[in-house]
Amino acid sequence: FNTPDCSLTMKVSPLNESDIEDKHDDDDYDDEISGKISGLDTTTDSFTLTSKGHEYSVSYSGVTGEGTDDILTLAQNDNLKVQVTIGSINFDTRVVDASEINVKVEGTVSSLDTTGKTFTLTYNAQDITVDYNNADSEGEIEGTLSDSVTAETELNGYDSIGVKYTASKVEVGDADDETDDDSSDEEDD
C-alpha cells in the first residue's frame, strides 16, 4: 500500500435482524452497542442505554468482574460513553442482557507509574487513578504512554481497596475521530 497506484474496493450491504442473529451465533462475532446511560439501578443491575436515538433496557447481572456498579455510576454521573457486549437481545422489546461492560474515558495522563502500571487520567477537570496492568498483559496498549499525552481508556472494573479503575484497553493519542454524539455509534461491530 505504499504506492500511489494502489486502490481498494469494498462491497457493503445492510444487515437485517436475521442476518444479525446469524452473526451472533458465530463464535468469533461480538455484538456491541454503545451510548449514554440513565436510570442506573445497582440493586437490580439494570440501566437504560440510549444509542442512535433508541432506548435499550440493559441487564448486567451476568457481567462478572469487580466494580461494574462503580464504573457505571461514573459513566452516568459524568455522561460517559458505555460499550455493552450483548449476551442476548430481544429486538422487539429492545431488552439486552449484557455479557461485558466497558466505559470509555478520554483525558490527559499524568503521574505515570510504569512499575505499578498506574496513571492519573484527568478529564472534565477531575482526576481518576487507572490501573492498566490488564490492558498491558493482554497487549491492549496502543501507542506510548507518557505524562501529558491524551489517552482513551476503556474501563471494565474498579478496585475499591486500591481506589483505582481497571482499564481493559488504552489508546494513546487522538484515539479516533468519533464524537460523543450518539449518531456516530455503531450498534453492531
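Glu-106 lies in strand E5. Helices (H or I, at least four residues) and strands (E, at least two) are DSSP runs, numbered from the N terminus. The model is predicted, so local features need pLDDT of at least 70, side-chain atom pairs count only at pLDDT 80 or more, and totals for chains, interfaces and linings use all residues. Residues are numbered from 1 along each chain as its sequence is written, and side-chain values use heavy atoms, with hydrogens and water left out.

Glu-106 counts as partly exposed, because its relative accessibility is 41%. Buried means under 20% relative accessible area, exposed means over 50%, and partly exposed lies in between (1.4 Å probe, protein chains only). Leaving aside neighbours within four places in sequence, Glu-106 is in contact (heavy atoms within 4.5 Å) with Tyr-123, Thr-150, Ala-151 and Glu-152. Glu-106 and Tyr-123 are 17 residues apart in sequence. Their C-alpha atoms are 6.6 Å apart in space.

Thr-120 is found in strand E6, residues 118-123. Thr-120 counts as buried because its relative accessible area is 16%.

The protein has three helices and 10 strands. Along the sequence they follow the pattern α-β-β-β-α-β-β-β-β-α-β-β-β. The protein has 189 residues, and buried residues make up 37% of them. Among contacts with a separation of 6 or more, 56% join residues 24 or more positions apart.

Aromatic rings were examined next. A pair of aromatic rings is described by the distance of the centres and the angle of the planes. Rings of Phe, Tyr and Trp (its six-membered ring) pair if their centres lie within 6.5 Å; planes under 30 degrees apart count as stacked, over 60 as edge-to-face and the rest as tilted. By this rule there are three aromatic pairs. One of them joins Phe-47 and Tyr-60. This pair is tilted, at 5.9 Å centre to centre and 35° between the planes. It links distant parts of the chain, 13 residues apart. Phe-47 is in strand E2 (residues 46-51), while Tyr-60 is in the loop between strand E3 (54-59) and helix H2 (68-78). Both Phe-47 and Tyr-60 are buried. Tyr-158 and Tyr-165 form another tilted pair, with 4.6 Å between centres and 55° between the planes. Tyr-158 is buried, with a relative accessible area of 14%. Tyr-165 also counts as buried, at 13% relative accessibility.

A charge meets a ring at Tyr-56: the charged end of Arg-94 sits over this ring, 5.8 Å from its centre. The rule requires NZ of Lys or CZ of Arg within 6 Å of the ring centre and within 35 degrees of the ring normal.

The second largest pocket holds about 220 Å³ of space. Here a pocket is an open set of points on a 1 Å grid over the protein atoms alone, where a 1.4 Å probe fits, with protein on both sides within 12 Å along at least five of seven lines; lining residues have an atom within 4 Å of a point. Of its 14 lining residues, the closest to the centre are Thr-64, Gly-65, Glu-66, Asn-156 and Gly-157. Strand E5 (95-113) and strand E9 (150-159) each supply at least two lining residues. E9 gives the most, with four. The lining has three nonpolar, eight polar and three charged residues. Ala, Val, Leu, Ile, Met, Phe, Trp, Tyr, Cys and Pro count as nonpolar, Asp, Glu, Lys and Arg as charged, and the others, Gly among them, as polar.

Terms used
Grid points are joined across faces, edges and corners, and a volume is the space filled by probe spheres set on the points.
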